Structures are given as structure tokens and as C-alpha cells.
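Hi,

Here is the structure I promised to pass on.

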Amino acid sequence: MAALNPADPRLTKPIARAKSRNIFPLWENKAALESMLANAHTRLVQSESLRAWVKRRGIEQMLIRAELGWCRNWFTIPFRDRDGQLLGAAARAGTELSKRVPNKMTTPCGQPPLLYVPDWVLWVTAPDVYITFGLIDAISLVQLGYAAASPSAGQNSTNPRWLDDVQKPIYVVPDKGELSAAIKLATALGYRGRVLELEYPEGLKDPNDYLQVLSLIHISEPTRPL
């Protein structure tokens, strides 16, 4: 349970990044970060060729809603609070870059772990919410109509205290092989926590893989329960 202890310093300590390899301004410089993310979003919206990866992942409907962007071979994802104020960001390596970098995800220098909520209105109004351990997975569930969120820095960066004000069922949806981490988080959430273990057929490993399959057979309407 150490990884989920709210006092664990890993949950609040800013994540170090090599500045020379980081596409983002410093996390503290919100004005520069906001400008960079806006430019990246415009670039992605205006380029059909750059949107190929987004379309292939099945999340093209979230392009505007999630303010996805493109900067120097990275897909950018802004994090906002429920009032629309910028909290931080993350970026996912594009197809070719992901073959050359050790980590497919990066965040601004100095940014601590954060809870990423792609759609706050849905998060507040939905009868239940879902926690994934990946940003693209959270975006995928939101596109399907489910209120979802994800820690910004992987499963072990999840702070249960982020969810103190959520007084409704919280389903933790693990990737293939992440069941133990999901159980730990659900246990830390008390009576609200449940684990929703998806069946992963051959070739599927996470919620986004499910969305890609749904996209291929043109299923777009959300159904309940997941």
C-alpha cells in the first residue's frame, strides 16, 4: 500500500525531466505553457496528416473536446480544473518517435502528479466515475460517454485524496496486468471503490484498444454498464 499512501512523497514531488529533451516550458510558467498548448492544438486541427494517429486510436471525436495538439512529434494533452484553468499538461510520443524514446509519455519540468479529467461536466453529473491508469484510456472512455479520469504519471502516482469529494461509485479500470494496482486503489477508496476488470481477448490490453475495435465496426453510442 505504500504507493497509495497519501503521505508518500512520490505523490507530491515534482517529476524531474531533462530540460533539453522536454518539449514543454517549465510547469510554473503557465502563460508560456498555455500558449504552447494552444499553438499545438491549432497545428493538429489544421493538419489532416498529423491527425492520422488520433484517428487510428479511435479518439478523433475528442480532438476539440480534449484540446489535443501536436508539437515536435508529440501529441499534447492539457490538464484543466473544473473552472477551465490550466493545471498542467502531458504529451504522448507519436508513432515514429515512440520507437526511439524510452518513455512514451512526458510532462513539463517541475509538474507534480495530477488527476487528469477530460470532461468535468460529465465527471460531476455522471452517476458513477471511472479511473484508468492511462491518459488515452481516460479520453477513450469519455468519448464512449463515461466519466473518466487518470493519474498523470502512471498507476503508482495515484493519490486517493484527489477523489475525496467524489461521493459516488468509483470504478478502477486496469489495463491487462494491472489488476493488483487496481485492487489497491479501490481498497484505499473504501466503500466507493470497485474494480472493473475488463476481459482482454488476444491483442487487446487496455480500454483504448476496445475503443479502436468499436471504431472499426462503427459503434459510437455509449451503453451502460461498461
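Predicted model: local features only at pLDDT ≥ 70, side-chain atom pairs only at ≥ 80, totals over all residues.

Residues are numbered from 1 along each chain as its sequence is written, and side-chain values use heavy atoms, with hydrogens and water left out.

The sheet is open and mixed, with five strands in the order β5-β7-β6-β8-β9. (Helices, H or I with at least four residues, and strands, E with at least two, are DSSP runs numbered from the N terminus; two strands pair if DSSP finds at least two bridges between them.) At the edges sit β5 (115–116) and β9 (193–195), each pairing on one side only. Strands β6 (129–131) and β7 (148–151) run parallel and are joined by two bridges; Tyr130 has Ala148 in β7 as its bridge partner.

Now the helices. Helix α4 (135–143) lies across β5, β6 and β7, at about 175 degrees to β7. Helix α5 (179–188) touches β6, β8 (170–172) and β9, and makes about 165 degrees with β9. Contact means heavy atoms within 4.5 Å; axes are lines fitted to C-alpha atoms, for helices over the stretch in contact, and angles run from 0 to 180 degrees between N-to-C directions.

Finally, Gln143 belongs to helix α4. Gln143 is buried, at 11% relative accessible area (buried is under 20%, with a 1.4 Å probe and protein chains only). Leaving out residues up to four places away in sequence, Gln143 touches Gly58, Ile59, Glu60, Gln61, Met62 and Leu211.

Cheers

Note on methods. Buried < 20%, exposed > 50% of the residue type's maximum accessible area, 1.4 Å probe, protein only.
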